[in-house]
Amino acid sequence: MAEYLNLYIVGGWRPAGKGAPREFRCPADGRLVAMGAEGSTADMHAAIAAAREAFDTGPRPERQRADVLRRTAGIGGTEAGHVVDADKVDAISGPVREPVGVCRLITHSNYPLLQPIRQDAPALLAGNTVVLKPSELTPSTAALPMRALEETGLPAGVANLILGAGPTAGVPLSEHPDVDMASFTGGVPSGTRVIAPAAPAVKRVALEFGGKNPNGVFADADFETAVDFALTAVFLHSGQVFGRRPAHHRRAVIARSVRRRGCRTRRADHARRAIRSGRRYRPTDLGRPRDKFKAYVDAGLAEGAVLRCGGRRPEDAHLRDGSFYPRTVLDGFHSGMSATQDESFGPVLAVETFTDEDEAVRLPNHTVYGLAEAVWTRDTRKAQRVANRLRHGTLWINDYHPTCRGGMKRSGHGRELGRVLDEYGEIKHIWQNANPRPERWFRGATAFRSTDSPRS
């Protein structure tokens, strides 16, 4: 029997107030794996009221929160421990720091366990209360950290979970007057619908959108290593990665003099054979809805790109019923193509070339996104010059795996993977005069004499 997922409000699990439950099916074969409550506006209001009450009246000792999160990390294992580590817990010191208040957190369907943890943990640690709304596509794992927090003694109302679609259970979280901060991870269209209602109330907003992250490879680079990292970056996790490890890589911008090597290296050929479509715990290139990827590839081909591999539905019988899409490489791109600018969010790589250093900067910058980019070269001075000219929030030199710290332009703003406690905290300036005296700055001032004091 399929699992049934409930909402978590005021320290307890409850069904949705009204509405039919939502079905959740495995993308590999379409089988039913869970049913879930579809949160209503009333449920959302109840969760926000619980978070507001807990923030306004409940205790917020940082050490108590830190202990709860450490125990939660112990229950959650490696993925939770990666976010909730001792260094971040012990970092609360120095200036007068206060929590923002009630934080509403909306997460994306990729990394459905890690993303809720990486937003919940610093928000709670900073002293806030939270209302988490995970993607309606992958809510099952978002319930796991809530159960762990409940087990380790987090007070009722401090953390709440709302399930449901964005228009009903997501966007209204930003409109509510009792919400102090909106944090969103996902695509630009959905993100702008979160920003708009938050703007009139001047709410604090943290946004992580997508990107078209280039991988710039100069002719003097360690080419085998660059190709190895590039293939991992675009095909691992089906290309459905934002700024985590590795950041999603959509464009290979390669020096024209070595472009052919990029398509014909032994490493590339070996990797294309080794990556298999499948299920369970094997390396796989399982994608999201493959019709979306087909439309993206067709658009590139119509604009003049050349298909090097992939680009069609899998023929294996065990892959036909799911959402599998093969690893795909499109060559011959240029910055004027729509497919060069659009985000595929799948296992599709666009290859383009540059002739000199200026073009190696101009091509990656010629996009509305600015999340992350890699520069591959043995020339350290050139690497620094190029990195300084690129308009991306995170730059890697001869690497493509470290954590992304946030983006520029339409890739969002905020640094949830950088100084996370600053993201979810307020710095308060308190000035105290130890010896206050009249300044008498106005002309001809003399000492004041109280007319109300009793005469002797």
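Modeller: A contact here means heavy atoms within 4.5 Å. Keep in mind that this is a predicted model.

Biologist: Among contacts between residues at least 6 apart in sequence, what percentage joins residues at least 24 apart?
Modeller: Take the contacts between residues at least 6 apart in sequence. Then keep those that join residues at least 24 apart. Their share is 72%.

Biologist: How many helices and strands does the protein have, and what percentage of its residues is buried?
Modeller: The secondary structure comes to 16 helices and 22 strands. Buried means under 20% relative accessible area. Of the 456 residues, the buried share is 52%.

Biologist: In β5, which residue is the bridge partner of Y4?
Modeller: Strand β5 covers residues 32-36 and runs parallel to β1. The two are joined by 3 bridges. In β5, Y4 has as its bridge partner M35.

Biologist: Is N215 buried or exposed, and which side chain does its own side chain contact?
Modeller: N215 lies in strand β12, residues 214-217. Its relative accessibility is 0%, so N215 counts as buried. Its side chain makes a polar contact of 2.9 Å with the side chain of W376.

Biologist: How many disulfides are there?
Modeller: A disulfide is a covalent bond between the sulfur atoms of two cysteines. The test is a pair of cysteine sulfur atoms within 2.5 Å. By this rule the count is 0.

Biologist: Are C103 and C309 buried or exposed?
Modeller: The cut-off for buried is under 20% relative accessible area. C103 has 0% and therefore passes. C309 has 17%, so this cysteine also counts as buried.

Biologist: Where does V202 lie, and is V202 buried or exposed?
Modeller: V202 is not a glycine, yet has a positive phi of about 55 degrees. This valine sits in the loop between α8 (188-198) and β11 (204-208). Its relative accessibility is 72%, so V202 counts as exposed.

Biologist: What is the relative accessibility of N398?
Modeller: N398 is not a glycine either, and has a positive phi of about 55 degrees. N398 is found in the loop between β19 (394-397) and β20 (408-409). N398 counts as partly exposed because its relative accessibility is 35%.

Terms used
Residues are numbered from 1 along each chain as its sequence is written. This is a predicted model: local features need pLDDT of at least 70, side-chain atom pairs count only at pLDDT 80 or more; totals for chains, interfaces and linings use all residues. Side-chain values use heavy atoms; hydrogens and water are left out. Helices (H or I, at least four residues) and strands (E, at least two) are DSSP runs, numbered from the N terminus. Buried means under 20% relative accessible area, exposed over 50%, partly exposed in between (1.4 Å probe, protein chains only). Two strands pair if DSSP finds at least two bridges between them. A polar contact is a pair of N or O atoms within 3.5 Å; within protein, one must be able to donate a hydrogen and the other to accept it, and residues adjacent in sequence count only if both atoms are side-chain atoms.
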